[in-house]
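These are my notebook entries on one structure. I set down what I looked up, one topic at a time.

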Amino acid sequence: MKLDDFDFDLPDGLIATRPARPRTAAKLLVAEGDTIRDLHVADLVDQFQAGDRLVLNNTKVIPARLNGTRARLTPQGEAVAKIEVTLLEPAPGGEWIALAKPLRKLKEGEQVGFSEALSATVTAIEAGQMRIAFNLTGADFDAALAEAGAMPLPPYIAALRAPDEEDKTDYQTVFARHSGAVAAPTASLHFTRELLEALAAKGVDFTEVTLHVGAGTFLPVKVEDVTTHRMHAEWGEVTAQAAAEINATKAAGGRVIPVGTTALRLIESAAVADGRVEPFCRTTDIFIYPGYRFRITDALMTNFHLPKSTLLMLVSALMGQDRVRRIYEHAVKNGYRFFSYGDASLLIP
């Protein structure tokens, strides 16, 4: 399997920089078997049946992009540098791994101030990244970060516009509960409370899991032989209750349908050989590409993904490479909007 096998032409005008309003107005491509239907997310209720179980990732995106200043005493007086910091993931001991721009203007032991309340000390610099220790913890840290930080928009959106206040709502799911992600589980952005209620009224069940999406989700694949690619690790949890709910649905003959590739990767990580899910609480670096045998997933709701990305490889594993190629050709031809703020697909093998 070569990287070029997962390439396709995407016009720049199809990259969404804002979500549809309302969320359920987004287009929905339903691919089932060899058929393709063009619907809207508002039509989603009609695509499911009583006894289906949607698996939702309840991670909460933190405002991980911070602008600060570093002050340093020099023989010429105080030198102040502007520093842009992007939090990547928590590190042991309460510290954070982060990117800094420009990193060359920082040294270990120096402090970066982000607001009157929030600052951080650089504890280590290595491999183009740094570790920092904030001056606050717990609820005080969450409040100060919410005040000082901006949403960490994906690179392909950030290159077109700066984040703003609207993104603090737009780039967060309505069921976000557990802080820790630096990227949103984007298929879930299409859901409103009203849509969830309508699905529940039809008899669709829900299970929440947590996978803290890391910035590594945007890293390009750099190897020509995709089977040698190493995935970034992300922390996830499937509780005992969540596992029991999924197993009960499988035993009853219902469909388990993750909303988003993050939820899919997590439940497949928690799967065991006999087709059940066990409780899971650790990191996963599962890489799903064509040839993978799905143990739990019966269908998937997901957005449209980057060329040559691991997520495109995942949906190709579920639907088949030729089928996904035709689905994406249809999406481009019919003006579907791509990536995090784009339209959705429901993929049923």
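Entry 1: the turn after a helix. I began with the residue that follows helix α8, which is G335, and I noted that its phi is positive, near 75 degrees. I keep in mind throughout that this is a predicted model.

Entry 2: the helix itself. I then went back to α8, which covers residues 321-333 and has 13 residues. From its first C-alpha to its last it reaches 18 Å, close to the 18 Å expected at 1.5 Å a residue. Which residues of α8 are buried? I found R323, V324, I327, Y328, H330 and A331. Seen down the axis of α8, these buried residues fall within an arc of 155 degrees, so they line one face of the helix. I recalled the rule behind such a pattern: an α-helix has 3.6 residues a turn, so residues three or four places apart point the same way. On the other side of α8, I recorded D322, E329 and K333 as exposed.

Entry 3: what the buried face meets. I looked up the packing partners of the buried residues of α8 and found one helix, α7 (310-319), together with the strands β1 (27-32), β2 (35-40), β16 (300-303) and β17 (344-348).

Entry 4: I followed the pairing strand by strand. β1 and β2 pair in the antiparallel sense over 6 bridges, and L29 has D38 in β2 as its bridge partner. Their hairpin has 2 residues between the strands, and G33 there takes a positive phi near 60 degrees. β1 also pairs with β17, in the parallel sense and over 5 bridges. Within β17, I noted L347 as the bridge partner of A31, while I348 stands opposite E32. β17 pairs with β16 as well, in the antiparallel sense over 4 bridges; there T302 has S345 as its bridge partner.

Entry 5: the cover on β17. How many of the residues of β17 are buried? I counted 5 of its 5. In a regular strand the side chains alternate between the two faces of the sheet. In β17, A344, L346 and I348 lie on one side and S345 and L347 on the other, and both faces are covered.

Entry 6: the barrel. I turned to another part of the chain, where 6 strands close into a barrel in the order β5-β6-β7-β10-β9-β8, with antiparallel pairing. The twist averages 45 degrees from one strand to the next. I checked the pairing of β5 (residues 65-74) with β8 (residues 111-113), which is antiparallel over 2 bridges. T69 has G113 in β8 as its bridge partner. Helix α1 (residues 138-148) lies across β5, β6 (77-90), β7 (96-101) and β10 (129-134), and runs at about 95 degrees to β5.

Entry 7: one threonine. Last, I examined T284, which lies in strand β15 (residues 280-284). Is T284 buried or exposed? Its relative accessible area is 5%, under the 20% limit, so I recorded T284 as buried. What does its side chain reach? I found the backbone nitrogen of I286 at 3.2 Å. A polar contact of 2.6 Å also joins the side chains of T284 and S269. Leaving aside residues up to four places away in sequence, T284 touches L211, H232, A233, E234, R265 and S269.

Key:
Residues numbered from 1 in each chain as written. Predicted model: local features only at pLDDT ≥ 70, side-chain atom pairs only at ≥ 80, totals over all residues. Heavy atoms only, no water. Expected span 1.5 Å × (residues − 1). Buried < 20%, exposed > 50% of the residue type's maximum accessible area, 1.4 Å probe, protein only. Arc of directions from axis to C-beta. Contact = heavy atoms within 4.5 Å. Pairing = 2+ DSSP bridges. Axes fitted to C-alpha atoms, helices over the stretch in contact; angles between N-to-C directions. Polar contact = N/O pair within 3.5 Å; in protein donor to acceptor, adjacent residues only side chain to side chain.
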